[in-house]
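The stops below go from the whole chain to single side chains.

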Amino acid sequence: MYKIHFETLGCRLNQAESEGAARFFTDSQFTVSMEPFTAKSFDESVVLCVVNTCTVTAKAEQKARRIIRMLLKTCPNSAVLVTGCYAQVEAEEIKSIDRRVCVLKGQQKGKLADLPPFLKAFLEGESSSLNPERIAQKVQDFFEEGAFSSSTQILKITSPFRLATETFINHSRSSLKIQDGCNCVCTYCRIRIARGKSVSLDAATVLERVKALENSGQSEVVITTVNIAQYVSEYNGKRVRFAELLELILQNTQKIGIRISSLYPEIVDEKLAKIFENPRVRPYFHISVQSGSDEILSKMKRPYKIEAVYKATALLKKAKKNPFLACDIIAGFPTESDGDFNLTMKMLEECGFTFVHAFPFSPRPGTEAFNMRPMVPNYETDKRIARLEEFNQKSKTAYINSFAGQVLPAVCETVHRANRSKIVRDRIIIHAVTENFLHCQLIFDKGEENLPKAGSEIKVKIIRPLEKDEKTGESDTLALLFSL
């Protein structure tokens, strides 16, 4: 069996699309690996590496280039196929890295569904000595020449919703993409350029896919979008926005849990908050905020004012008892003053956010903010990022402590033998995620039996916070298995 390796960078959408593409390869009898390689890895059996990239920051693109070059060394017999948002905006730059590199632009990612049977037939027709440069050229020719003639067929094969799956290789929780692209004109954002205008998966197909996930045994589905506020469809002749869609999902399924990957504050109203009260909607909400200053939000061309964030968080806390509230913040946006940033810190405290995904401003080519002046000095941006990280440590620790001694439902993500810490060396470590997104670590003796399997539902008793080690990826909460 020929081996395909996936490396995925960036958002939950990319993760979902990689899982969908992997399923098409396994359906064609390829072996698929999705655990990230390191510079110490070496695998001569891989014939194709697929790198699903991100372009949200310059660092994301640098990481993609580093991974591409690493794969060229660690998989010497493999071609490297690069797709995703970075591939959409910088295809020629990526191709120039090496003759073994081929590119599929992100907006055509759906073509990955058609590649496996073609690639398998080509590989089986070659001699025993496979040439990775020839593989790369054949894959590139397949995408560019395409065995696709009619415009109807082209629309079908490039659909952003083709890469759906009911089985997941590298994730214990399923994901479903219901919307892609964005019609906003945020001045800092390159993703809207890479993914194009907003498109939505029709409501009937959403229901069909959620039911299929439930029937396949999935305990939870993560609803993923680029801009959830722009979801729009029809169902039985009626206009459907996200609130109506979520209501339909809950009415037409029995037990599958629903987690929302990201919210825009302006869509959280009384109606949506009422729907969120359903116990199957997970008490975890991530809000796209970016700044606590109306002046900076205006310069970012965000479609809301800070008042909407205060209103949204109040409604979410009313809908769910002590929910996990996360948000994105960009520090050091051009012209951001100390006063603007202090408004952001004030907003984080007053709204009761648990965690902040903090990003230093990254000027992206092709965006309005790329040429905005004055720029905030790097040293000042670094200080603001440090303040956000300090807020995270304090807020997340307090949130975990607020659940100490409580029993929470969770999904088991990984089960493995520990080999890092002297204290837990050679013991069994289980990582699980609670319904409110606490990443828990459970420790067991090596010989213990009847341990839960990855993907299973368990209950955990929260003990205390752990210091998270960014290098080892250790979880942030110590917990005990309560019952199976």
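**Whole chain**

This is a predicted model, in which local features need pLDDT of at least 70 and side-chain atom pairs count only at pLDDT 80 or more, while totals for chains, interfaces and linings use all residues. Residues are numbered from 1 along each chain as its sequence is written, and side-chain values use heavy atoms, with hydrogens and water left out.

Show the cartoon: the protein has 15 helices and 20 strands, taken as DSSP runs (helices H or I, at least four residues; strands E, at least two) numbered from the N terminus. Along the principal axes, the C-alpha atoms fill a box of roughly 65 × 60 × 55 Å. The radius of gyration is 23 Å, which agrees with the value near 23 Å for a compact globule of 484 residues; this radius is taken over C-alpha atoms, and the globule rule is 2.2 Å times the number of residues to the power 0.38.

Of the 484 residues, 54% count as buried (under 20% relative accessible area; exposed is over 50%, partly exposed in between; 1.4 Å probe, protein chains only). Among contacts (heavy atoms within 4.5 Å) with a separation of 6 or more, 72% are between residues 24 or more positions apart.

Select Glu17, in helix 1 (residues 12-27). Which residues are linked with Glu17 in a network of salt bridges? The network consists of Glu17, Lys109, Lys177, Asp180 and Arg195; a salt bridge here is a side-chain nitrogen of Lys or Arg within 4 Å of a carboxyl oxygen of Asp or Glu.

Lys109 lies in the loop between strand 5 (101-103) and helix 5 (115-125), so the pair ties together parts that are 92 residues apart in sequence. Both Lys109 and Glu17 are buried.

Next, select Lys177, whose salt bridge with Glu17 also has its closest N and O atoms 2.5 Å apart. This pair links strand 6 (residues 174-177) to helix 1, across 160 residues. Lys177 is buried, as is Glu17.

Move to Lys271 and Glu244, which form a salt bridge at 2.5 Å, N to O. Lys271 is in helix 11 (residues 270-276) and Glu244 in helix 10 (residues 242-252), 27 residues apart. Lys271 is partly exposed at 39% relative accessibility, and Glu244 is partly exposed at 21%. The count for the model comes to 26 salt bridges.

**Nonpolar cores**

Select Phe242, Phe276, Leu348, Phe353 and Leu388: they have the most contacts inside the largest nonpolar core, which has 77 residues. Such a core is a set of buried Ala, Val, Leu, Ile, Met, Phe, Trp, Tyr and Cys residues joined through side-chain atoms within 4.5 Å. Beyond four places in sequence, Phe353 touches residues including Ile287, Val309, Leu325, Met347 and Phe391. Another core, of 28 residues, lies apart from it and includes Phe25, Val50, Ala113 and Leu163.

**Asn436**

Finish at Asn436, in the loop between strand 17 (428-434) and strand 18 (439-444). Is Asn436 buried or exposed? Asn436 is buried, with a relative accessible area of 2%. Excluding residues up to four places away in sequence, Asn436 touches Pro283, Tyr284, Phe324, Tyr399, Phe403 and Leu408.

Show polar contacts (pairs of N or O atoms within 3.5 Å; within protein, one must be able to donate a hydrogen and the other to accept it, and residues adjacent in sequence count only if both atoms are side-chain atoms). The side chain of Asn436 makes one with that of Tyr399 at 3.1 Å, and another with that of Thr434 at 2.5 Å.
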